[in-house]
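This report goes through one protein model, from a single side chain to the whole fold. Please keep the sequence and the structure in view while reading.

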Amino acid sequence: MKPYRLSLALDKEARLLITKKFPGSLDGLICPVTRSLPPSITARAAFDYIEQTVQATTTGNMRHQELLQALITQE
């Protein structure tokens, strides 16, 4: 049971770091009621969602540039 709880804690921390490093990138996954990510969303699912939203399209390229700009302006 201990490895499972450690896995959950690390996954939760990874999702928190993703939202700090790439603010606004997971807005489409946020639950409107709780205003947070559902616990069912794993870090892998979050990265997959970001990858899908930043595909090789004009809109995706603009979103990618916005995310990079947000990353650059942070410390």
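Arg15 is placed in helix α1, where helices are DSSP runs of H or I with at least four residues and strands are runs of E with at least two, numbered from the N terminus. Its relative accessibility is 11%, so Arg15 counts as buried; buried means under 20% relative accessible area, exposed over 50%, and partly exposed in between, with a 1.4 Å probe and protein chains only. Leaving out residues up to four places away in sequence, Arg15 touches Leu37, Pro38, Pro39, Ile41, Thr42 and Ala43, a contact being heavy atoms within 4.5 Å.

## Basis of the model

The model is predicted: local features need pLDDT of at least 70, side-chain atom pairs count only at pLDDT 80 or more, and totals for chains, interfaces and linings use all residues. Residues are numbered from 1 along each chain as its sequence is written, and side-chain values use heavy atoms, with hydrogens and water left out.

## Overall architecture

The secondary structure consists of three helices and zero strands, and the pattern along the sequence is α-α-α. Along the principal axes, the C-alpha atoms fill a box of roughly 45 × 30 × 25 Å. Of the contacts with a separation of 6 or more, 51% are between residues 24 or more positions apart.

Buried residues account for 17% of the 75 residues. The protein exposes about 5,900 Å², and carbon and sulfur atoms supply 60% of that area; accessible areas come from the Shrake-Rupley method with a 1.4 Å probe, and for residues only the protein chains shown count as cover.

## Salt bridges

Side chains of opposite charge can pair when their charged atoms come close. The structure holds three salt bridges, each defined as a side-chain nitrogen of Lys or Arg within 4 Å of a carboxyl oxygen of Asp or Glu. In one of them, Arg15 meets Asp11 at 3.8 Å, N to O. Both residues lie in helix α1, four residues apart, about one turn of the helix.

Arg44 and Asp48 form a salt bridge at 3.2 Å, N to O, and both belong to helix α2 (residues 43-53), four residues apart. Asp48 is partly exposed, at 30% relative accessibility. Glu66 pairs with Arg63, their closest N and O atoms being 3.3 Å apart. These two residues are separated by about one helical turn because they are three residues apart in helix α3 (residues 58-73). Glu66 is partly exposed at 45% relative accessibility, and Arg63 is partly exposed at 24%. An α-helix has 3.6 residues a turn, so residues three or four places apart point the same way.

The largest nonpolar core has ten residues: Ile18, Leu26, Leu29, Leu37, Ile41, Ala43, Ala46, Ile50, Val54 and Leu67. A nonpolar core is a set of buried Ala, Val, Leu, Ile, Met, Phe, Trp, Tyr and Cys residues joined through side-chain atoms within 4.5 Å. The largest share of this core, three residues, comes from α2. Leu26 touches Ile18, Thr19, Leu37, Ala46, Tyr49 and Ile50, not counting residues up to four places away in sequence.

Which residues of α2 are buried? They are Ala43, Ala46 and Ile50. They cover an arc of only 60 degrees around the axis, so they lie on the same side of α2; the arc is that of the directions from the helix axis to the C-beta atoms. Arg44, Glu51 and Gln52 are exposed on the other side of α2. The cover over the buried residues of α2 includes α1 and α3.

## Exposed positions

Met1, Tyr4 and Leu8 form a nonpolar patch on the surface, with about 380 Å² of accessible area together. Patches are made of residues with over 30% relative accessible area and no salt bridge, like charges being joined within 9 Å and nonpolar side chains (Val, Leu, Ile, Met, Phe, Trp, Tyr) within 5 Å. Leu8 lies in helix α1 (residues 2-21) and is partly exposed, with a relative accessible area of 46%.

Arg35 is found in the loop between α1 and α2 and is exposed at 74% relative accessibility. Arg35 has a positive phi of about 55 degrees although it is not a glycine. Ile72, in helix α3, is exposed with a relative accessible area of 63%.
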